[in-house]
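Let's look at a protein model together and ask how we know what we say about it. Keep the picture open while you read.

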Amino acid sequence: MKKVISFDLDGTLVDGRYGDLVWNHGIPGEYARTYGMTFEDAKALIRSEYESVGDGDILWYEIDYWLKKFSLKVSAAELLNRYTGEIALMPDAFGVVTSLYDRYTLVIASNAARIFVEKELAHTGLAGLFSRVVSATTDYGMVKKQEAFFHKLCRELGASFEEVVHVGDHPVFDHDVPSGLGIESYYINGIDGIDGCDCEAALPRRKISGLKDLLELLK
Ligand SMILES: [Mg+2]
């Protein structure tokens, strides 16, 4: 019996464009201005710095680390506020979440730092619909790719792995890791074969084309 539905946030409930603007437009723009280079050059340089860390490392998600590393004067809050008007829900997100609300405990399990998560939830009207909102990196000091994240989440929720469904748009963090533990996991918009399965125990990827498919699957 499923009791809990756990959602990734960026690219799952909220359009990934907001995060993309902050990381790949705002920061390179500040860098280009500060060091007198073109935006494109700054963007390429910064992208390679991000990639050298990688999204499996907690530093990837820590905006203050990057602002300090690049010696930029802008604050994280200022950058996040700059693009607030661009925060948008993914198609069907509101309808799917509200229709599951009565039947399940809904939680958010995001890798994004809490400042991003809170801003996104506040601007989409989703905040009140979730019993628990977890930023893996800020709240637990770990990345969702670690099995320990899902152990801790389920322990806090008082739920067994079998009672949880997780959905998200990262093939490894949102599918292979939780499914390897026995959590029924769905990978949104998947194109198989790009990253391979990281976890031996992971099941073949269950792919869905959008959040709406969840309603059918959870009937
Ligand atoms: Mg995501």
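**How do we know?**

Helix H1 (17–35), helix H4 (76–82), S2 and S3 are among the elements that cover the buried residues of H6. Keep in mind that this is a predicted model.

Q: Which residues of H6 are the buried ones, and what makes a residue "buried"?
A: They are Phe116, Val117, Lys119, Glu120, Leu121 and Thr124. A residue is called buried if 20 or more other C-beta atoms lie within 10 Å of its own.

Q: Why is Arg206 called partly exposed?
A: Arg206 has 15 other C-beta atoms within 10 Å. Buried begins at 20 and exposed means 12 or fewer, so a count in between is called partly exposed.

Q: Where does Arg206 lie, and which residues does Arg206 touch?
A: Arg206 lies in the loop between S5 and S6. Leaving aside residues up to four places away in sequence, Arg206 touches Ser185, Tyr186 and Tyr187.

Q: How far apart are Arg206 and Tyr187 in sequence and in space?
A: In sequence they are 19 residues apart, while in space their C-alpha atoms are 6.0 Å apart.

Q: What is the order of the strands in the open sheet?
A: The 6 strands follow the order S3-S2-S1-S4-S5-S6, with parallel pairing.

Q: Why is one side of S3 and of S6 left without a neighbour in the sheet?
A: Strand S3 (132–135) and strand S6 (207–208) stand at the edges and have a single partner strand each, so one side of each has no neighbour in the sheet.

Q: How do you know that S4 and S5 pair?
A: Two strands pair if there are at least two bridges between them. Strand S4 (residues 164–168) and strand S5 (residues 184–188) are joined by 4 bridges, so they count as a pair. As one example, the bridge partner of Gly168 in S5 is Tyr187.

Q: Which strands does helix H9 touch?
A: Helix H9 (residues 171–181) packs on the sheet and touches S4 and S5. Its direction makes about 160° with that of S5.

Q: What makes the radius of gyration of the protein chain agree with a compact globule?
A: For 219 residues, a compact globule would have a radius of gyration near 17 Å. The protein chain has 18 Å, so the value agrees with that expectation.

Terms used
Residues numbered from 1 in each chain as written. Predicted model: local features only at pLDDT ≥ 70, side-chain atom pairs only at ≥ 80, totals over all residues. Helix = DSSP H or I, 4+ residues; strand = E, 2+ residues; numbered from the N terminus. Contact = placed C-beta atoms within 7 Å. Axes fitted to C-alpha atoms, helices over the stretch in contact; angles between N-to-C directions. Rg over C-alpha atoms; globule rule 2.2 N^0.38 Å.
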